[in-house]
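Please read the following points with the structure open beside you.

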Amino acid sequence: MKALRYHKDGFQLEHVPTPTPGPKDVLIKVHAVAITADELTWPETTKREAPIPGHDIAGTVASVGSEVKGSIAEGDNVFALTSFSRDGGAAEYMVASYLEIALMPQMSFEEAAAIPTSALWVYQALRDHVHANSGQKVLVTGAGETLGGVGVMAVQLARAAQLIVSATCSADKTDLVKSLGASQVFNYHKTSMDCLSHDYDLVIDCVGGETLTQSFKLLKGGGQLISVARPPTLDEKASRPDVDASFFIVDPDGDELASIARMCDRGQIKPVLQTVLPLEEGAKGFEMLAGGHTKGKIVLKVV
């Protein structure tokens with residue numbers, strides 16, 4: 001099969017053996033794969049020789065292992081966040097655990113591939129790591145940035161949870177973030193963190209650095225902060241012992257992704273794509289991500 005592999009001297013499009021699924025795996029014919037800016041530096045990726053990137057995939061089930069349970073069948077259109085410890089989907093075929101995949105929502109393969117990582121991260125954050133109630137105030141920092149596309153999903157899923165959503169982003173992304181459901185959008189080039197309200201119930205941080213540090217003072221007592229960018233430091237936590245601050249790594253989960261697919265079909269979530277490139281231009285896609293300030297996910301069209 002054809003695959004995009006990352007070597008020490010850069011990307012190469014190569015012909016490699018088609019992977020063989022295990023008894024609890026599914027072989028997927030990949031149609032589209034979304035790439036993430038920093039995935040080439042993840043520990044699971046650097047351990048592999050000439051890894052194939054891309055863990056947000058959409059495609060068609062080519063074959064099903066003998067011990068696969070549930071309703072997934074050959075010919076189904078599916079999408080998934082796949083294990084970081086295996087090769088990804090920048091290839092004509094890939095293998096995934098049946099527990100990682102879900103039937104695709106009613107949209108294109110390219111749109112579906114832009115959803116899993118970012119939507120699952122926010123879904124798991126709101127469901128398992130914070131306790132947010134309808135009507136509470138949430139601030140999403142870096143809502144238009146492309147750190148895995150989490151910001152744009154955070155705005156949409158927080159709105160779906162009936163939270164009152166505010167967000168920070170650059171000026172060129174203001175209209176986008178408003179259209180996704182933020183009631184207030186602040187241009188972080190013009191509005192400092194000091195000028196924002198100091199009574200948020202929840203901050204979802206997609207920036208890290210000093211933005212994360214400054215976010216602590218925006219929370220009311222008993223508030224919660226969760227970051228996709230980095231873990232809060234001990235000093236930061238000590239500065240506000242009356243708030244809960246955390247960081248976690250998203251887990252692949254097909255059942256949760258099925259719930260997200262239903263939200264997509266109800267119109268509560270929509271993907272945001274910067275561009276779709278052919279697999280052969282995967283290196284260009286990573287270069288665009290490294291430059292920063294894209295407005296959505298970069299997706300590679302495989303088939």
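1. In this predicted model, Val155 touches Val140, Ala143, Val165, Ala167, Val177, Leu180, Gly181 and Ala182, leaving aside residues up to four places away in sequence. Val155 is also among the residues with the most contacts inside the largest nonpolar core, together with Phe79, Trp121, Val140, Ile204 and Ile260. That core has 56 residues. Apart from it lies another core, of 30 residues, which includes Ile35, Leu40, Met94 and Val302. In soluble globular proteins, nonpolar side chains tend to be buried together.

2. Helix H4 spans residues 150–160, and nine of its 11 residues are buried, so the helix is largely enclosed by the rest of the structure. The buried residues are Val150, Gly151, Val152, Met153, Ala154, Val155, Gln156, Leu157 and Ala158.

3. Which elements cover the buried residues of H4? They include the helices H3 (116–129), H5 (174–180) and H8 (254–265), as well as the strands S8 (137–141), S9 (164–169) and S11 (200–205). Just after H4, Gln162 adopts a positive phi of about 65°.

4. A search of the whole structure finds zero disulfides. Cys195 counts as exposed, at 60% relative accessibility.

5. For Cys206, the closest cysteine sulfur is again in Cys169, at 11 Å, and this too is too far for a bond. Cys206 is buried, with a relative accessible area of 4%.

Technical notes. Residues numbered from 1 in each chain as written. Predicted model: local features only at pLDDT ≥ 70, side-chain atom pairs only at ≥ 80, totals over all residues. Heavy atoms only, no water. Core = buried A, V, L, I, M, F, W, Y, C linked by side-chain atoms within 4.5 Å. Buried < 20%, exposed > 50% of the residue type's maximum accessible area, 1.4 Å probe, protein only. Contact = heavy atoms within 4.5 Å. Helix = DSSP H or I, 4+ residues; strand = E, 2+ residues; numbered from the N terminus. Disulfide = S-S within 2.5 Å.
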